[in-house]
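Welcome! Take a look at the sequence and the model, and then read on.

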Amino acid sequence: MACAAARSPADQDRFICIYPAYLNNKKTIAEGRRIPISKAVENPTATEIQDVCSAVGLNVFLEKNKMYSREWNRDVQYRGRVRVQLKQEDGSLCLVQFPSHCTLSLTSGS
């Protein structure tokens, strides 16, 4: 526990992860979709998610060779995850309009 408290929110391993399956309207909740279908998009790629988050002004990086554990399809289109920084070194929010990963996911699909 003490080790976790010493790590900074700005460390890249503390960024939140977004997999394309979280935002895919073709997936069921059991298959990994985490937002309502009305806010989801059809077959997003990790690169598209990275572009959208970067355009909003978030600090992001793409991990191309990572795969969502529930994804059965191993095609390149379904690979990758995006890591997004929500908090700065001092613990304050990077962008006040995204106080949590929930608001980030729900507004990204709009």
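## The overall layout

The protein chain has 3 helices and 3 strands. Going along the sequence, these elements come in the pattern α-β-α-β-β-α. Please keep in mind as you explore that this is a predicted model.

How much of the protein chain is buried? Of its 110 residues, 35% are buried. The protein chain exposes about 6700 Å², and carbon and sulfur atoms supply 53% of that area. Contacts tell us something about the fold too: among those between residues at least 6 apart in sequence, 53% join residues at least 24 apart.

## A cluster of tyrosines

Let us turn to the aromatic rings. The model holds 4 aromatic pairs. One of them joins tyrosine 19 and tyrosine 68 in a tilted arrangement, with 5.1 Å from centre to centre and 45° between the planes. This pair links distant parts of the chain, as its two members are 49 residues apart. Tyrosine 19 sits in the loop between β1 (16–18) and α2 (46–56), while tyrosine 68 sits in the loop between β2 (60–63) and β3 (81–84). Are these two residues buried or exposed? Tyrosine 19 and tyrosine 68 are both buried.

Tyrosine 22 is buried, as is tyrosine 68. Taken together, Tyr19, Tyr22 and Tyr68 form one aromatic cluster.

## The neighbours of the cluster

Methionine 67 is in the loop between β2 and β3. With a relative accessible area of 21%, methionine 67 is partly exposed. Which residues does methionine 67 touch, not counting those up to four places away in sequence? They are Tyr19, Asn73, Arg74, Tyr78 and Arg79. The C-alpha atom of methionine 67 is 9.8 Å from that of alanine 21, a residue 46 places away along the chain.

Proline 20 is located in the loop between β1 and α2. A relative accessible area of 7% makes proline 20 buried. Leaving aside neighbours within four places in sequence, proline 20 is in contact with Pro44, Thr45, Ala46, Ile49 and Gly80. Between the C-alpha atoms of proline 20 and glycine 32, which are 12 residues apart along the chain, the separation is 9.2 Å.

## One side of helix α2

Which residues of α2 are buried? They are Ala46, Ile49, Gln50 and Cys53. These residues cover an arc of only 100° around the axis, which puts them on the same side of α2.

After α2 comes glycine 57, with a positive phi near 110°. Asparagine 43 is not a glycine, yet its phi is positive too, at about 45°. Asparagine 43 is found in the loop between β1 and α2, and at 25% relative accessibility it counts as partly exposed.

## The cysteines

How many disulfides are there in the whole structure? A search finds 0. For readers new to the term, a disulfide is a covalent bond between the sulfur atoms of two cysteines.

Cysteine 17 has a relative accessibility of 26% and counts as partly exposed. Cysteine 53, by contrast, is buried, with a relative accessible area of 3%. Cysteine 53 is also one of the buried residues of α2 listed above.

Note on methods: Residues are numbered from 1 along each chain as its sequence is written. This is a predicted model: local features need pLDDT of at least 70, side-chain atom pairs count only at pLDDT 80 or more; totals for chains, interfaces and linings use all residues. Side-chain values use heavy atoms; hydrogens and water are left out. Rings of Phe, Tyr and Trp (its six-membered ring) pair if their centres lie within 6.5 Å; planes under 30 degrees apart count as stacked, over 60 as edge-to-face and the rest as tilted. Helices (H or I, at least four residues) and strands (E, at least two) are DSSP runs, numbered from the N terminus. Buried means under 20% relative accessible area, exposed over 50%, partly exposed in between (1.4 Å probe, protein chains only). A disulfide is a pair of cysteine sulfur atoms within 2.5 Å. The arc is that of the directions from the helix axis to the C-beta atoms. Contact means heavy atoms within 4.5 Å. Accessible areas come from the Shrake-Rupley method with a 1.4 Å probe; for residues, only the protein chains shown count as cover.
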